[in-house]
Amino acid sequence: DIILMYLVLDQDFAFLGKSELLKWPVINLFFKRGVDIPVYRNSKTKASECLIIAEKEIKKGRSVVIFPEGGWDNAEKGMRKFKNGAFQLAIDTQCPILPVTFKNNYSLFTHHTDFSGNAKPGLAKIVMHKPIETKSLTRKELVSLRQETFNTIKNELDCEN
């Protein structure tokens, strides 16, 4: 998903992701570009600081890519519940959200640590949805914004590939 974002977005962006990405082979090359924002999840203070950095990037005119499910678990087959940070950031900066659905990545790729896993060749199917506007929203609408974004992606995943 991370590498594909660099292929599908034609604008400058910062990527916000868990700090463990800095340790992953190949992925760390994309993440260490000096413009990405690591989230240190073992500290609430450090985790909240990443949203401050992301807000500064948005104010500079850059986009910020966030995977709001906060990771994946091979044991889970469906989408994980989205975390609030991305939606709080969008509302606070009045920045629209551009949902992106990776329709078949789960079947193409395996977990990053499983080098003998079931990754296979194929074409990634990606859907760029219409932006969801946040201009008139307040934090009171955070949950509904989060759910609207979740439903947009889930509904696409539930459609026939």
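Helices (H or I, at least four residues) and strands (E, at least two) are taken as DSSP runs, counted from the N terminus. All views show a predicted model.

**View 1. Salt bridge between Arg 62 and Asp 12.**
The side chains of Arg 62 and Asp 12 come together in a salt bridge, with an N to O distance of 2.7 Å. The two partners belong to distant parts of the chain, 50 residues apart: Arg 62 sits in the loop between helix 3 (44-59) and strand 3 (63-66), and Asp 12 in the loop between helix 1 (2-8) and strand 1 (13-18). Arg 62 counts as buried because its relative accessibility is 11%, under the 20% limit. Asp 12, at 48% relative accessibility, counts as partly exposed.

**View 2. The network around Glu 57 and Lys 60.**
Glu 57 and Lys 60 form a salt bridge through their side chains, at 3.1 Å from N to O. Glu 57 is buried, with a relative accessible area of 11%. Lys 60 reaches 61% relative accessibility and is therefore classed as exposed, the cut-off being over 50%. Salt bridges link Asp 12, Glu 57, Lys 60 and Arg 62 in a network. The structure as a whole holds 7 salt bridges.

**View 3. Salt bridge between Glu 156 and Lys 103.**
The side chains of Glu 156 and Lys 103 meet at 2.9 Å, N to O, in a salt bridge. Glu 156 is part of helix 6 (residues 142-158), while Lys 103 lies in the loop between strand 4 (100-102) and helix 5 (105-108), so the pair ties together parts that are 53 residues apart in sequence. Lys 103 is buried, its relative accessible area being 13%.

The parallel pairing of strand 1 with strand 2 runs over 3 bridges. Gly 17 stands opposite Pro 38, a residue of strand 2.

**View 4. Cysteines Cys 50 and Cys 159.**
A disulfide is a covalent bond between the sulfur atoms of two cysteines. How many disulfides does the model contain? The count comes to 0 disulfides, with a limit of 2.5 Å between the cysteine sulfur atoms. Cys 50 has a relative accessibility of 4% and so counts as buried. Cys 159 counts as partly exposed because its relative accessibility is 40%.

**View 5. Backbone at Gln 94.**
Most residues other than glycine have a negative phi. Gln 94 has a positive phi of about 55°, although it is not a glycine. The residue is located in the loop between helix 4 (85-93) and strand 4. Is Gln 94 buried or partly exposed? At 23% relative accessibility, Gln 94 counts as partly exposed, since buried requires a value under 20%.

Notes
Residues numbered from 1 in each chain as written. Predicted model: local features only at pLDDT ≥ 70, side-chain atom pairs only at ≥ 80, totals over all residues. Heavy atoms only, no water. Salt bridge = Lys/Arg side-chain N within 4 Å of Asp/Glu carboxyl O. Buried < 20%, exposed > 50% of the residue type's maximum accessible area, 1.4 Å probe, protein only. Pairing = 2+ DSSP bridges.
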